[in-house]
Amino acid sequence: MRVCSLSLVDFRSYAEAEVVFAPGMTAIIGPNGHGKTNLLEALGFAAGLGSFRGASDVALIRDGASAAVIRCSGFRDGDREILIEVELARAKPNRVRVNRQPVARRRDLLGVLTATAFSPEDLDLVKGEPAVRRRWMDDALAAVRPSWGALRSELDRILRQRNTLLRQAQGRAVGDVAITLDVWDDKLAAVGDELRIRRRDLLAAMEPRIQRHYGHISQGQGDAGVTYLSSWGEDSLAEALAAARPTDLKRSTSTVGPHRDDVLLEVGGLPARSHASQGEQRSMALALRLAVDAEVRECRGVEPVLLLDDVFSELDAGRAAALLETLPPGQRILTTATSELPAGVQPHQLIRVVNGTARPV
């Protein structure tokens with residue numbers, strides 16, 4: 001997998017931008033707030049990751065513009081050319097095309113350009129709410145096998161319908177409401193049980209990698225642990241939904257299901273969210289990203305493009321060097337705000353970004 005060029009129109013801080021990338025390592029340098037991260041964010045969006053900063057699509061459109069355009073060209077499967085075009089609009093649906101052909105869903109890009117993004121926001125994987133870790137798990141499922149991304153979309157659709165019905169029921173499930181609720185419970189149970197199985201299996205497959213990467217980056221300081229926490233125990237979701245129906249009717253929302261699950265992250269046997277140091281939390285977040293990258297490489301036989309947004313600045317010299325050693329091969333595109341690159345970084349290409357303008361050095 002390789003990115004060759006990126007073209008932007010009215011994306012974030014860029015009125016226009018054209019960037020060509022080297023096949024090896026590209027370092028993007030420049031002061032904070034001048035647009036370095038925006039380039040990586042656009043690449044991640046073209047790869048189907050959305051905004052790795054958690055921004056809405058409209059927030060990616062430059063102030064004063066009605067739409068933003070991302071064009072990304074590259075190669076996959078050795079010499080197969082790809083062209084991804086995305087138009088984000090304020091007042092109409094987004095448009096996505098691959099090799100000039102329309103694509104119905106943005107998540108379908110996950111099977112076209114594969115990328116792994118590392119960013120300072122990854123610390124939320126450890127410190128943030130359960131929803132952040134659920135999104136990481138579901139993004140990992142879609143990255144390992146793009147067709148699995150449909151499970152989360154289907155779950156969200158069912159939950160919207162079920163929760164609407166619960167609100168309409170006003171605390172009582174009788175007549176047609178009870179019959180319709182049974183239908184949505186059956187749908188939720190089928191999709192929910194499958195999604196939990198997929199998540200658990202993937203987490204179990206990645207656990208040795210997470211432990212290995214954490215141990216390397218942290219230089220042997222503590223052991224990492226990951227445990228899937230289900231909101232409905234070991235029963236089937238159908239049984240759990242039946243038991244929770246009175247509570248769901250009272251609260252007008254679905255209280256059990258994979259949308260309430262979490263992943264417990266531990267360092268040295270203690271919860272990383274509350275007991276780990278900043279360096280340990282950062283090492284854990286990096287280990288999570290590297291584990292997904294390794295799983296994608298093994299299961300799909302591709303080399304994801306690595307997007308590293310200012311990740312070295314928050315690591316001490318030892319952890320930064322350890323991260324460089326453990327990075328997998330392939331194309332790497334990184335940003336840094338310092339004038340001097342981290343020790344061990346030897347880019348094939350240097351791009352300087354100043355005031356929304358990107359130029360090769």
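In this predicted model, the second largest pocket has a lining of 15 residues, and Asn32, Gly33, Lys36, Thr37 and Arg53 are those nearest its centre. The space in this second largest pocket amounts to about 190 Å³. Helix α1 (residues 36–46) supplies the largest share of its lining, with three residues. By class, the lining of the second largest pocket comprises two nonpolar, eight polar and five charged residues.

The largest pocket has a volume of about 1100 Å³. Its lining consists of 42 residues, among which Gly48, Leu49, Gly50, Arg135 and Asp139 lie nearest the centre. Two or more lining residues are given by each of β8 (115–118), α2 (124–127), α3 (130–144), α4 (149–169) and α8 (278–300). The greatest contribution to the lining of the largest pocket is that of α3, at eight residues. Sorted by class, the lining of the largest pocket holds 19 nonpolar, 15 charged and eight polar residues.

Helix α8, one of the elements that line the largest pocket, also packs with helix α9 (residues 317–326). The angle between α8 and α9 is about 5°, and their axes are 12 Å apart. Angles under 35 degrees count as roughly parallel, and α8 and α9 are therefore roughly parallel to each other. On the α8 side, the contact involves Gly279, Glu280, Ser283, Leu286 and Leu290, which meet Arg319, Leu323 and Thr326 of α9. The residues of this contact between α8 and α9 divide into three nonpolar, three polar and two charged.

Technical notes: Residues numbered from 1 in each chain as written. Predicted model: local features only at pLDDT ≥ 70, side-chain atom pairs only at ≥ 80, totals over all residues. Heavy atoms only, no water. 1 Å grid on protein atoms, 1.4 Å probe; cavity = no way out; pocket = protein on both sides within 12 Å on 5 of 7 lines; lining within 4 Å. Points joined across faces, edges and corners; volume = space filled by probe spheres on them. Helix = DSSP H or I, 4+ residues; strand = E, 2+ residues; numbered from the N terminus. Nonpolar A, V, L, I, M, F, W, Y, C, P; charged D, E, K, R; others polar. Axes fitted to C-alpha atoms, helices over the stretch in contact; angles between N-to-C directions. Parallel < 35°, antiparallel > 145°, perpendicular 65-115°, else oblique. Contact = heavy atoms within 4.5 Å.
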